[in-house]
Amino acid sequence: TTFDPGASDTVYALALDGSTLYVGGDFTTIGGRPRNRIAALDATGTPTAFAPEADGRVRALLVSAGTIYAAGEFASIGGQARNHIAALSSAGAVSAWNPDPDGYFVQALAMSGSTLYVSGGFTSIGQVLSLRGGFLGIGFASFRATFTSAHHGEDIPILAIDCSQLE
């Protein structure tokens with residue numbers, strides 16, 4: 001069988017939760033239905049009712065404990081102001097969680113236990129100074145540390161995060 005939901009533009013992120021595939025990118029339609037930059041597809045590639053609509057590129061998706069984390073270059077998702085990162089329900093509702101990074105984008109997400117690792121082009125997140133990334137407790141009571149990516153004295157964005165060796 002073939003799987004081609006026919007996104008109208010680039011897909012940058014995929015996250016699988018059971019038989020639901022969450023998709024993020026630059027597209028405005030997928031599976032023949034309007035979906036601005038974020039969608040959920042069933043096993044046949046048909047869009048589900050999940051349609052939170054982002055106003056900018058979705059670069060990263062992560063699903064954990066029934067919550068869909070979306071990150072990228074947006075200022076609004078699901079009709080709510082969210083700078084570059086949001087937590088969504090499987091119905092597409094935006095949660096109250098809002099770490100509000102400054103800067104231009106969030107590039108990558110990874111989860112280890114109850115800690116969400118975030119990287120991108122920002123200098124603060126959760127009102128704590130950072131440089132290109134940080135560690136967020138999901139309850140957001142703890143911003144645990146910061147990290148810097150550097151190569152020959154220049155900042156470079158972290159494009160992916162692997163938490164497999166952390167615990």
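How many salt bridges does the count come to by this rule? The count comes to three salt bridges, each defined as a side-chain nitrogen of Lys or Arg within 4 Å of a carboxyl oxygen of Asp or Glu. The structure is a predicted model, in which local features need pLDDT of at least 70 and side-chain atom pairs count only at pLDDT 80 or more, while totals for chains, interfaces and linings use all residues. Residues are numbered from 1 along each chain as its sequence is written, and side-chain values use heavy atoms, with hydrogens and water left out.

The salt bridges are described next. Asp26 and Arg57 meet through their side chains in a salt bridge, at 2.9 Å from N to O. This pair links distant parts of the chain, 31 residues apart. Asp26 lies in the loop between β2 (20–25) and β3 (29–30). Arg57 lies in the loop between β5 (38–41) and β6. Strands are DSSP runs (E, at least two residues), numbered from the N terminus. Asp26 is buried, with a relative accessible area of 18%. Arg57 is partly exposed, at 24%. Here buried means under 20% relative accessible area, exposed means over 50%, and partly exposed lies in between (1.4 Å probe, protein chains only).

Arg57 also forms a salt bridge with Glu73, and the closest N and O atoms are 3.2 Å apart. Glu73 sits in the loop between β7 and β8 (76–77), 16 residues from Arg57. Glu73 is partly exposed, with a relative accessible area of 30%. Another salt bridge joins Arg59 to Glu73, with 2.5 Å between the closest N and O atoms. Arg59 belongs to strand β6, and the two residues are 14 residues apart. Through shared partners, the salt bridges join Asp26, Arg57, Arg59 and Glu73 into one network.

With neighbours within four places in sequence left aside, Asp26 is in contact with Asp9, Thr10, Tyr12, Arg37 and Arg57. Contact means heavy atoms within 4.5 Å.

Strand pairing was examined next. An open sheet of three strands has the order β1-β2-β5, with antiparallel pairing. Two strands pair if DSSP finds at least two bridges between them. β1 and β5 are the edge strands, each pairing on one side only. Neighbouring strands of this sheet are turned by 20° against each other on average, direction ignored. The angles run from 0 to 180 degrees between N-to-C directions, with axes as lines fitted to C-alpha atoms. β1 and β2 run antiparallel and are joined by six bridges. Asp17 has Thr20 of β2 as its bridge partner.

An open sheet of three antiparallel-paired strands has the order β6-β7-β10. β6 (58–64) and β10 (85–88) each have a single partner strand, so one side of each is left without a neighbour in the sheet. On average, neighbouring strands of this sheet are turned by 20° against each other, direction ignored. β6 pairs with β7 (residues 67–72) in the antiparallel sense over six bridges. Ala70 in β7 is the bridge partner of Leu61.

Strands β11 (residues 105–112) and β12 run antiparallel, joined by seven bridges. Leu109 has Val118 of β12 as its bridge partner. The hairpin of β11 and β12 has two residues between the strands, and Gly113 takes a positive phi near 60° there. Strand β12 (residues 115–121) is mostly covered, with seven of its seven residues buried.

In soluble globular proteins, nonpolar side chains tend to be buried together. The largest nonpolar core of this model has 16 residues. A nonpolar core is a set of buried Ala, Val, Leu, Ile, Met, Phe, Trp, Tyr and Cys residues joined through side-chain atoms within 4.5 Å. Ile38, Leu61, Ala70, Ile77 and Leu88 have the most contacts inside this largest core. β1 (11–17), β5, β6, β7 and β10 each supply at least two of its residues. Beyond its neighbours within four places in sequence, Ala70 is in contact with residues including Ile38, Val58, Leu61, Ile77, Leu88 and Leu109. A second, separate core of 14 residues includes Tyr69, Ile85, Trp97 and Val118.

Technical notes. Helices (H or I, at least four residues) and strands (E, at least two) are DSSP runs, numbered from the N terminus.
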